[in-house]
Amino acid sequence: MEPVSLPDLLGTCGLAVLFALLLWVPGWCLTRAAGVRGWSALALAPGLTVALVAVATTVAQALGWRWGTAALPLLGVLTAVLTGLVVVLSRVPGSTASRLGGWRKTGGWLRGRNRPGDLARSHGPVLLAVLLTAVAWTTAYGWGAVSPRWPAQAFDAVFHLSAVAAVREGGDASLLGGLEALYQGQSVYYPTPWHAMVSLLPAGPVQATNAALLGTGALVWPSALAGMLTGVRDLLPGPGPVREWGVALTVLLGGTAIAFTMLLTSLAVWPYALSVVALPGVLLALHLLVPTRVLPVSPSVPGQDPGTQGSGPGLDRGPQCRSGPGVLPLVLLLVMCTVGAAAAHGVAVFSVMVLGAGWLPAVWRVATAGVRARVRATAVVVVAALGGLWAVRRPLGSVLGYSRPDGGWEGLVATLGQALADLPAYGTVWGWTSLLGLVTASLTLLGAWLAWRQPAARSWLRAWVAALLLTVMVGGPSWWGRQLGAPWYLQKARLVPLVLLPALVLAALACSHLLARVRTSRQRRFGGRDSGRLLARDGGRPGGRPGRPGGRRGSRRVLPGVAAAVLVVVLAGGRLPLQRDLVASVHDPEQVQYGTLVTAREIDFIQGASSLLPPDAVVVGPPSRGASMLWSLGGVHVVYPSRSRPSAHSAEHQLADAWPGLKKGTGSQEVCRLLRELGAFYLYTDYSRDAEGARHGQPPYRWDVGFAQVPLEDIELVASDGDYALWRITACD
């Protein structure tokens, strides 16, 4: 194994920051205009940006503009137009800026109202958690990927790498036919915002993709979680500092979560991961649109700020959805975030339905406050549901008909444990550090109990239960209810991140509760009248006298920090080996868990030999032996850019079936006809039997097994290196 190149790693880190900025800046402009500040803006920004990218790619295609040239100007114009619209809506009397003052204060800060010292105290713990998460991700990536220029070798990764190459070369990143080069020339719908954004990075498809993965995991994901959790800080018990540390600890839990790490590594479902990144903004907007009036408990200590006890806020008076013109900016942000999540991957529509179920009872109680309103609302819901199901009956029937082997009755228990304890739900990567997920499970269950006692948090509890039930059903035996998970391809590893999002809010409740209990017990232990004044001061009430200086006061102030440091070492540090193994399971050619497509030597050969081919060369070869990688690694066109079987009746499909006839001499005319139609006159071969001693060898042939037969008498060598070679096909001369 070669040591990682520090210049390559630093360059990839710089590209990762650039990718994060691409995801943040356009959406941040919209949230800024709507009055959102700080971390909450970073939760909403990714979904908003993806929505803008989806519109921009469609406009560029309609106008015949190349995406690489028109991308930034189009995004700038769209961002400016929508920002102006949000500004106009925000200035309507009763606007969001004036009516949601608590939201702005909770989600971030207002310019000119807080001093730098106040910002550091109120946001320092969360910022520290995000930075530590970024360090953990970067360490795991640099440790496991070995080289930032090596491609991911999971099944779906081959398609996505070729898609980035296709967008760069063809200049079309539209969701409607932008990837026709990967579908045998057919114009089909496919979510392309991920590929559109990666193609803008100034690097080759492989390094740009690796940088985007690092930027998503190390920066965008933890920042989105920080925004969501900071936005629901009003639900957490304890004084201000305790809540901040509770949020910070939970960001550490979620930022290094295995459930999301697997989307970027083992599964390599990168567009879906982008849609998951947009979900915290959707849930935050739902939380703000359907608020709950919370009654604080009676303070038990003289001078204590309401809500500073470990028991948390008191009973609510029922949900009160915001209405009137002032809610329009927030509604617009919610709609755009949802559209952005769906544009990143269509299954996000179903993801929002599952998680949004937590807020349905609250919305329903408000919408059906009277008998007549209840009848009208019921009629509207029934008609809309029936009409919607009828309109999408064919694609919905196709999706629900998807099949995958079930997990049996024992799969119920295994899936429940994986979802609760954040254990790997896909692949063969495992380590003893996975058991650290028991800490996550304990905090989540404690938070669920606290949320049940606190009506204001029950929406998050219902969302968690809905996602957990669906995930467990998918991991269990076959029955009609299991098919509800068909939009996620009946793959529990895709559903576990949906369980994670509301679970993190429950974990934040538990962390704040425990920190508040520890703090309160220490104050009672020291006793004295100063404890009430200290609680009042920490809770943010004006007028409290500062306590006496001394060691006791200092220890009380650093106690949350000590607890945070312990969890950082145990959780973030303890998970590093497992995260490293997950990264290596797709990036390190010696450790790819389902078979190595291209070895390190083969990567160098492809990059060097590609220059020996003419610019219009098209290469045929088996995807199961790395032939598809020539496009993303060497910029050479290939007949098969992905590992999926070509569509029936296409020339690519016919060639795969007819190829063995070239060696046998029985079908050379048919093979030559297909090769001329495709313009493919070069062949790639890989004779290695075990991928140079890779741990899991090579993946088995699939539909491309015919290409294992090489007609040596009908080809001439162009270049070779050991078991790898490029040939010119002479049989058709």
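User: Which helix do E670 and R673 both lie in?

Analyst: E670 and R673 sit in helix α28 (residues 668-678), three residues apart, which is about one turn of the helix. Helices here are DSSP runs of H or I with at least four residues, numbered from the N terminus. This is a predicted model, where local features need pLDDT of at least 70, side-chain atom pairs count only at pLDDT 80 or more, and totals for chains, interfaces and linings use all residues. Residues are numbered from 1 along each chain as its sequence is written, and side-chain values use heavy atoms, with hydrogens and water left out.

User: What do the side chains of E670 and R673 meet in?

Analyst: A salt bridge, at 2.7 Å from N to O. The term means a side-chain nitrogen of Lys or Arg within 4 Å of a carboxyl oxygen of Asp or Glu. E670 and R673 also belong to a network of salt bridges with E677.

User: How many salt bridges does the structure hold?

Analyst: The count is 11. One of them joins D8 and R149, at 3.3 Å from N to O. D8 is in helix α1 (residues 6-34) and R149 is in the loop between α6 (116-144) and α7 (155-170), so this pair ties together parts 141 residues apart in sequence. D8 is buried at 17% relative accessible area, while R149 is partly exposed at 40%.

User: And which residue does D581 form a salt bridge with?

Analyst: R580, with the closest N and O atoms 3.1 Å apart. R580 is buried, at 11% relative accessible area, and D581 is partly exposed, at 27%.

User: New topic. Which residues touch the most other members of the largest nonpolar core?

Analyst: W67, F260, W464, V619 and Y684, in a core of 195 residues. Helix α21 (residues 492-526) gives the most to this core, with 18 residues. A nonpolar core is a set of buried Ala, Val, Leu, Ile, Met, Phe, Trp, Tyr and Cys residues joined through side-chain atoms within 4.5 Å.

User: What is F260 in contact with?

Analyst: Leaving aside neighbours within four places in sequence, F260 is in contact with W137, T216, G217, W221, A273, V276 and V277. Contact means heavy atoms within 4.5 Å.

Note on methods. Helices (H or I, at least four residues) and strands (E, at least two) are DSSP runs, numbered from the N terminus. Buried means under 20% relative accessible area, exposed over 50%, partly exposed in between (1.4 Å probe, protein chains only).
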